Amino acid sequence: MTSTRTQSSLLIRIRDTSDTDSWSLFVRVYTPIVYRFLMNKGLQDADAADVTQDVLIEVAQCIRRFEYKPEQGRFRDWLAIVTRRKMYRFWERGKSVTGLEAIVIEPAQAHDAEWIDIYQGELLRIALERVKQDVEATTWSAFSKTWIDNISAAEVAQELKLPIDLVYSAKSRVLKRLEVEIRMLGDDCGWIKDC
């Protein structure tokens, strides 16, 4: 069973302010990314939640100007800039020197690598959840055991009492579906003007 919800990029769909389902999905996907990053930077739970809301508000205000322009940058990078800017403003308001010093001392590459790790990890987590809902239980089990649990296809075939070619086929189908889902959730080649 293949879902039709993956036909267009989430970032394109949320430009339509009446598409509340897409905005809800966007919030579900991107809130944990921003929140985890802020928590890793030392913000307390309530502060991280507040700053995350500030980030989402800015996205909502700016996303209508999103244009597909891969040569100009990625949505992921723009979101990281917005998140850092909101975090800096939070620290400036609270005059938290400790937080500001931590950012100044931290090398830019480490900062970016951490953001990318969180971003990719959360997209994968949500994509796995969504794909699991769209495939048959046996297909998911074969995929999960081979790809996630790293059990050999032969062992999985024996355990699930399936021909080995069906195990390979299930893994391949789910990986293809997963790739489509990740692209839909994080299709991040584009630019937001004037924000």
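User: What is the mean pLDDT of the protein chain, and what share of its residues reach 70 or more?

Analyst: This is a predicted model, and pLDDT is the predictor's confidence in each residue. Here the mean for the protein chain is 83, with 79% of residues at 70 or more.

User: Over which residues does pLDDT stay under 50?

Analyst: Residues 1-7 are one such stretch, and the model gives them 14 contacts beyond four places in sequence. The pLDDT is also below 50 over residues 99-110, a stretch with eleven contacts in the model beyond near neighbours in sequence.

User: How much space lies in the largest pocket?

Analyst: Rolling a probe the size of a water molecule over the atoms shows where empty space is left. In this model, the largest pocket holds about 170 Å³ of space. Ten residues line this pocket, and R76, Y119, Q120, L123 and I182 are the closest to its centre.

User: Which helices each supply at least two residues of that lining?

Analyst: They are α6 (108-134) and α9 (164-186). The largest share, four residues, comes from α6.

User: How many residues of the lining are nonpolar, polar and charged?

Analyst: The lining has four nonpolar residues, four charged ones and two polar ones.

User: Is D134 buried or exposed?

Analyst: Buried means under 20% relative accessible area. D134 has 10% relative accessibility, so this residue counts as buried. Its place is in helix α6.

User: Which side chain does the side chain of D134 join in a polar contact?

Analyst: The partner is the side chain of R177, and the contact is 2.7 Å.

How values were computed: Residues numbered from 1 in each chain as written. Predicted model: local features only at pLDDT ≥ 70, side-chain atom pairs only at ≥ 80, totals over all residues. Heavy atoms only, no water. 1 Å grid on protein atoms, 1.4 Å probe; cavity = no way out; pocket = protein on both sides within 12 Å on 5 of 7 lines; lining within 4 Å. Points joined across faces, edges and corners; volume = space filled by probe spheres on them. Nonpolar A, V, L, I, M, F, W, Y, C, P; charged D, E, K, R; others polar. pLDDT = per-residue confidence, 0-100. Contact = heavy atoms within 4.5 Å. Buried < 20%, exposed > 50% of the residue type's maximum accessible area, 1.4 Å probe, protein only. Polar contact = N/O pair within 3.5 Å; in protein donor to acceptor, adjacent residues only side chain to side chain.
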